[in-house]
Amino acid sequence: MDRLLPLAGVLLSLFHVSFGYDFYVGGKDGWVVKPDESYDLWAVNMRFQVNDKLVFKYKKGEDSVLQVKEEDFHLCNTSNPIKKFNNGDTVFLLDRSGPFYFISGESGHCAQGQKLVVVVMAVRVPPSPSPSPSPAPAANSVSPLPSPTPSSAIGVAVSRAYCGVLALFLGAVVFG
Ligand SMILES: *[C@@H]1O[C@H](CO)[C@@H](O)[C@H](O)[C@H]1NC(C)=O
């Protein structure tokens, strides 16, 4: 059992990468013409990552969600959406990093603030486990790359140790 604990921690930290979080656009207000808090303010407090989902809640038949190009977002132009949703419970997968633009498809709603831009953070690539051995430079050539300093090697070791401790901790939370 003890040997499973770190594994559980690793699985937990992979969970977010694989499945993502659901973000309810506008919180309790949902997707409405005049939200209590502007969608800009709502979005600024969130950290969106690839595979997260946006959930738009609105009255079916009375509103819709359009994913649009940046230009159409700024102009509130509803005539050429990339995608259109109107089932009242729209789940949108953020499947890449970068900006996504949404406006209401109802006439006049976007101009009154029913518009949302979400910027998904770039995927962070973990550091490679070990530097690949490079051939020794020839005696008469100058190496273009500085050799790694001891302190950066220590930093990597420390951060790996930290990850291990974190995994143990998460494992303990699950099974404790
Ligand atoms: C909206 O976009 C379409 C196609 O790009 C364009 O023909 C139309 O004039 C635009 N409408 C407004 C109000 O900008």
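Okay, let's start in the middle: the largest nonpolar core has 20 residues, and Val25, Trp31, Leu54, Phe56, Val65, Phe102 and Ile103 touch the most other members. By core I mean a set of buried Ala, Val, Leu, Ile, Met, Phe, Trp, Tyr and Cys residues joined through C-beta atoms within 7 Å. Buried means 20 or more other C-beta atoms within 10 Å of a residue's own, with C-beta atoms placed from the backbone. At least two core residues come from each of strands S2 (53-57), S3 (65-68), S6 (98-104) and S7 (115-120). Strands here are DSSP E runs of at least two residues, helices are H or I runs of at least four, and both are numbered from the N terminus.

A word on provenance: this is a predicted model, where local features need pLDDT of at least 70 and side-chain atom pairs count only at pLDDT 80 or more, while totals for chains, interfaces and linings use all residues. Residues are numbered from 1 along each chain as its sequence is written. pLDDT, the predictor's confidence in each residue from 0 to 100, has a mean of 77 for the protein chain, with 60% of residues at 70 or more. Over 141-171 it is below 50, though that stretch still has 21 contacts beyond near neighbours in sequence.

Now the strands. S3 and S6 pair antiparallel over 4 bridges; pairing takes at least two DSSP bridges. S6 also runs antiparallel to S7, with 6 bridges. Phe102 in S6 stands opposite Gln67, and its bridge partner in S7 is Leu116.

What does Trp31 touch, leaving out residues up to four places away in sequence? The list is Val25, Gly26, Phe56, Lys57, Tyr58, Asp63 and Val65, a contact being two C-beta atoms, placed from the backbone, within 7 Å.

That brings us to Gly26, in the loop between strand S1 (22-24) and helix H2 (39-44). Gly26 counts as buried because 22 other C-beta atoms lie within 10 Å.

Last, the ligand: Leu75, Asn77, Ser79 and Asn80 surround it, near meaning a C-beta atom, placed from the backbone, within 6 Å. That shell has 1 nonpolar, 3 polar and no charged residues. Nonpolar covers Ala, Val, Leu, Ile, Met, Phe, Trp, Tyr, Cys and Pro; charged is Asp, Glu, Lys and Arg; the others, Gly among them, are polar.

Note on methods. A residue is buried if 20 or more other C-beta atoms lie within 10 Å of its own, exposed if 12 or fewer, and partly exposed in between; C-beta atoms are placed from the backbone.
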